[in-house]
Every structure is written in structure tokens, then in C-alpha cells.
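Here is a short report on a structure with more than one part to look at. Keep the view open as you read.

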Number of protein chains: 2
Amino acid sequence: MSKHRDAPRQRRGSAQPTLQRVAEAAGVSPITVSRALNNPEQVKEETRNRVLDAVERLGYVPNLVAGSLASSRSRFIAVIVPSLANAVFIEVIKSLQDTFEQQGYQILLGNTDYDTDREYQLVRTFLGWSCSALVTAGLRHNEACRHLLANCEKPVMEVMELGDAVDLNVGLDHREAGRCMARHLLERGYRSIVYVGACLDRDYRAGLRYSGHREVLEPAGRDTPLVELPTFGGLEAGAGALERALAEYPGTDAIHFANDDLATGALLHAHRLGKRVPEDIAIAGFNGLPLGQHVTPRLTTILSPRETMGRLAAEQVLRRLEGKGVTRRRQDVGFTLVAGESS
Amino acid sequence: MSKHRDAPRQRRGSAQPTLQRVAEAAGVSPITVSRALNNPEQVKEETRNRVLDAVERLGYVPNLVAGSLASSRSRFIAVIVPSLANAVFIEVIKSLQDTFEQQGYQILLGNTDYDTDREYQLVRTFLGWSCSALVTAGLRHNEACRHLLANCEKPVMEVMELGDAVDLNVGLDHREAGRCMARHLLERGYRSIVYVGACLDRDYRAGLRYSGHREVLEPAGRDTPLVELPTFGGLEAGAGALERALAEYPGTDAIHFANDDLATGALLHAHRLGKRVPEDIAIAGFNGLPLGQHVTPRLTTILSPRETMGRLAAEQVLRRLEGKGVTRRRQDVGFTLVAGESS
DNA sequence: CGTTATCATGATAGCGCTATCAGCAAAGCA
DNA sequence: TGCTTTGCTGATAGCGCTATCATGATAACG
């Protein structure tokens, strides 16, 4: 009797004004408020102003969760990367974000820590949020994840590398990049070239580059020694790697590093060891980070167009979301060998 | 007559299985499925297994949007930073994400591009997604934004700097950091010290450090010339700034840079110009990025505990979300002067 | 002038989940 | 034995919005 069942009791949540309240304040129906906010052109100017006034006056903040449920659309773009410690992914994220935010999409950022099971969980979560599209760094997923991606009926963009993608693909050929650098070092006359990378099983793109490296050096009759670091690391790790490479392979005259951080760390450390670069030891990297171009000697590296990659990826996805066909499902952004003085 | 009104027509969206469908498959009610997934301990093991089986079999992916609407809770943490181009923010984001993801929260990343109106829009959007808490980099907001933050009844954490926060605050005193470095340079005997920064109106924390710098140098009877770059930039900009500072203030014997990127760019460029550091020109930075510690001479800088800042911030927010009281509403993480050989 | 298009707005019915309150069996207690 | 407590499950009623269809008013047309 005293349980006012009919009274719309405030169950939970805050006393934030709702669309309903705004409608009352503006003397229109809720749906008109919705239209005034989301499809302004469908509402007569005078009505619209009345609504916007009420919105302002009440401090109404639309509940996007409710809107998303009702329309089964959200303006989320899921972006999944293996790590935030690597500047390369940051740059791609940045350029994705620039492009997507401009179109009113919100990035949902996920970090797998190079763990495919974690990636699967992230994809589930993001699909649960009705994201509009997914962008993942890389082509390697576990079985369940690939299945989910293939069947989710949303644009799926795989960036960074080129290959057998689920849907859309923008990237470069890492194996070819490895070949390219190996060829360059051969041409420069280096004979004992060590490849240095970290956790090649997880950073498998560095592994692909090593494969390319071997594909060039082996036919040329050269050894292809590998120094694999057990953990990721930046400049510091590069310094250590230099010492390890020189100790383990005494005749080494060039080192092909898996990335610019390692390479630059090694280059700076070589100074401290009194080694001349490239006379005593040549050094090459991968990525083309600005850092490498500001040291002396400048780092020989391969420039990957990360900015372009992110932008193109975002543009393809947007095109799909807008119902326009994609121009190309697979897009090779290429790379550029930057021959510095370190080799 | 032929409009089967009663048939639950598939209005929109996909044919993804729903909780309802899973319930049918498992022979229980929907609410039991919900509990089996979200509060497993409330469901008998046998029932739970039956449910989980059905989930697996149907490939059910929970609709988090619906769940969030019903519970008016999401597991989103809004993180708002002014830029992704700056490594400092990246590191804070990274450490926030590490801590929050571990507790099952999802980061909603927003980038203001140093625009307070954009920040306001982001806050509105994030509140619309019923985020559980907001973390913003910095204390400066526009009127509307501050009002929204103050009245949203969610934990609001402002990181990076210390001061008059809306709610929670973890950071360091930038003005004091500026003073500290200025004192250091004075003690080392430098007499003509230029401060170099970029866009100090937007990067106002660098402006605060300049204020501290002046507070120390002016009473000591020194000039406090400023070189302000019109755009943000990394190493490249630092190189240019060095030349500008030397050209505009010929007697300069030390440069206090607003950050390590600029400082390191200048330091590397000094080599190329044939200037000795610190004999011809001393160089100091701010942040304590690894980079600065790997060049020769090592960069004198101020180490800001960014990792700690992010972690502490996340922990305070989590404590609040778990209903435990925060230990401290304002937390000074301090900083450390790292005296390298560049000064 | 009747007929059809177009415009502006509204009524209704969910979107897929969870909060809340109920119910009922088994267990604990005096 | 009757009573309360605990454990497990279910029925009901929304969360705050938008899709869909309907309506009345005005404009366009021959």
C-alpha cells in the first residue's frame, strides 16, 4: 500500500536531466528533442532553438549509452596495439585518432602486451560496446579472435604489415624491408653482419625482417648470426646488445638492429667505448625515428611511413562506414631506405 | 492484417545471440545467465556450467551497452590529455592503462590538442558514456568544463601539476622545478641564461617553470631572456632554438630548455656546430627522458616521476571507486634534479 | 479543386540488459 | 516442531534513448 509502485521511483543513477525532461521544458515530444540534437535539419528552426535553449538551461548531457543501445550504433573505433612503449604504435594511434576524431568517432584503445589471448578478450569487449569498426596492429590472432573478427560484420582493418588479412589491410612488407637492409649492408662491403632483435616471437615483425635478412645473406654465403634480447628495451638495451654482439661474434663489422631505439642506443654507446662508426662497426636500424637522424653519424635505417599508414587506414575505414566502397582492400605503403653515415 | 505486430520482428542490428537466447539454450531465466557471467558466486556450480556451456556454444558476446544502460555503470575511465606527440603524456597514459586495465577498466582516450573547448566537448562525451571516473592532464579548464567536472559526482583526477584541483590531484610543482633548475645553473656559475620554450600559453606548465626560473634569477640580478618557439617540435626544433638563442643573445653561456626533446636536439646540434658543451654553452632540460642520459655529455635535467604519477593517480581513483576513502586528495610526487655533464 | 508529395511532429514499441523484490527449498536453531 | 536464516532462481519493470509508422498541415500539381 505504501509502496508507490506507480510513482516512477528514481531507481538508481543520478538526477541528471533526461531527454524527457528537456522535452517537457521545451514543450515538445522527446523524439523532437532527439532530432533537434542529432538531425537538426529535420526540425524547424524555431522549434530547434527552443529545444537547444532547454538543453542549455538544464545542462542536459545526452546519455550516449542509451542512444547507442537504441540505435545499436556507437561512434567507437576499437584500436588494438601490442604495446604503448614503442613509439611506432604511438604514431599510428596518433594519426588514427586525428583522422577519426575529426569525423566524430571516439577511439577505444586496447593494449595486448603481445598476448593474443588478451587480444581476443579485447575484441570481445569492444564488440560488446558495439564499436563501429576495429583496427588492429598486425595479422596474427588466435583462432577464436580471427573467427570473431571475420564474422563481426564490421570493418576490420589490420595495419602495420601486409598479408593475409581478415578484411582491410594497410601496411608494408617487413620481410622485404629486412632484405633491403641486408642488401644495402652487403653492397657497402660488410662481411660479418649480426642481427639484433628483442623477443622475436612476440615482435614477430622483427622476426620477419630477420627472415628477409637471411634470405639475402645466406645465398651470398654469409653467416647470419642472431643476438636475441630476452626483453624489450630502449636505448639502454641497445647499448648492452652492442657489447653482447661484439663479445659473442668478435669479427663483426656490422650490426643490423631490429629497430632504431636499439640501434641508436648502440651507436651512442659505441662512442663511449671508443669505437668508430662505421669504420670499426657499422650500425643500421629500422623505423626512421627522428632520433636516429640527429645523432652523429646519422643512423642508417628504413623509414616506415607510420603517419601515412594510420591516415590511410582511417580513411579506408571511414569510407566503408560511410557506405562508399573501399578503393583497395590491401594497400602497400612501402618504405624508404635512409642511408646515413652509420654504415 | 498482414502486419504481424506481435511477432518480435528483428528490427535492426545483427542476429547476434542475446542473453535471452542463451537462457533458453541453458534452460534458465535470463537473469541467471546475467548472474552466471557477472556474479558467478551467486549461481550454483552446475547451473553456472550449463550457462557457460551455452555461452560458448552460441558464441555469445555480452552487449555491454545494454548492461551499462541498465546498471548506469560502465567500466570506462576517461583520460584526457592535451597531446599525443609528447612522450610525457604517453608515459602517463601507459601507466594509467596498466593499472586500470588490470582492474577490468577500459580507457577512453581523448586528445584536446591544447584546446579547452575541445576538452569541454570531450568531457561531455565521456560523461555521456557514463564513464566511472575522469582523469585529465592539468588544472586549466574552461568555465563550463570545470562546472561539469565539479558536479558530475564521479571521481575526477587531475594529474601532472599540483594546485587548486576540482577533486583529486597528483602531480608536481612546476614552478618549483623551474626554480630548482635556475638555482642549479646559478650555482654552477652561469651568468647569461636563456629560457627556451614552445607555445608557453598552451604548454602553460612550461610557462610555470619559466616563472620559477625568473623568481630565482631576477633577485640575483640576472636577465631572464626568453626564446619562445611558435610551434611544438622535437629534436629538430631544439637545434633551431639553439641557433636562435645564440644569435639573439650573443653572450649566452647556458640555456634552460622547457623539455628534454628540445634540450637534446640542441645538445646534438651543438656538436655539429663545433660548440663544446658545457664549456661554450651549458644545456639543461626537463623531464628526464632516457634519451638525455644516453648522449654525451649527459643532459642535466629534472626527472619527473611520470610512471609513479600515473600509477598513484590510478590507485587513488580505484580506491574511490571501490568505496574506500582516498588517502590523500592532493599528492605531490616531487621531482629530482639530475645533474649531467651538460651543465 | 481534388490529389498527391513534402514537411514537421508525435505515439508507440522496443534495444538487451540489470535492479529490485519474491519465492521456495534446504539448513540452522531453539 | 516451528521459526528464522541462507542459498538459489525467477518475474517484473524499467534504464534513456531511437526506429518505425502515423498524423495533420501545408505546398505542389494538373
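## A strand pair in chain B

Two strands pair if DSSP finds at least two bridges between them. Strands are DSSP runs of E with at least two residues, and helices are runs of H or I with at least four, numbered from the N terminus. This is a predicted model: local features need pLDDT of at least 70, side-chain atom pairs count only at pLDDT 80 or more, and totals for chains, interfaces and linings use all residues. Residues are numbered from 1 along each chain as its sequence is written, chains are lettered from A in the order written, and side-chain values use heavy atoms, without hydrogens or water.

Strand 1 (residues 76-81) and strand 2 of chain B pair in the parallel sense over 6 bridges. Val81(B) has Asn111(B) in strand 2 as its bridge partner.

## Strand 2 is enclosed

Buried means under 20% relative accessible area, exposed over 50%, partly exposed in between (1.4 Å probe, protein chains only). In strand 2 (residues 106-111) of chain B, 6 of the 6 residues are buried, so the strand is largely enclosed by the rest of the structure. Gln106(B), Leu108(B) and Gly110(B) point one way, while Ile107(B), Leu109(B) and Asn111(B) point the other.

## Where the chains meet

Chain A and chain B each give 51 residues to the contact (heavy atoms within 4.5 Å). Which salt bridge does Arg118(B) form? Its partner is Glu101(A), with the closest N and O atoms 2.7 Å apart. A salt bridge needs a side-chain nitrogen of Lys or Arg within 4 Å of a carboxyl oxygen of Asp or Glu. The rule finds 2 across this interface.
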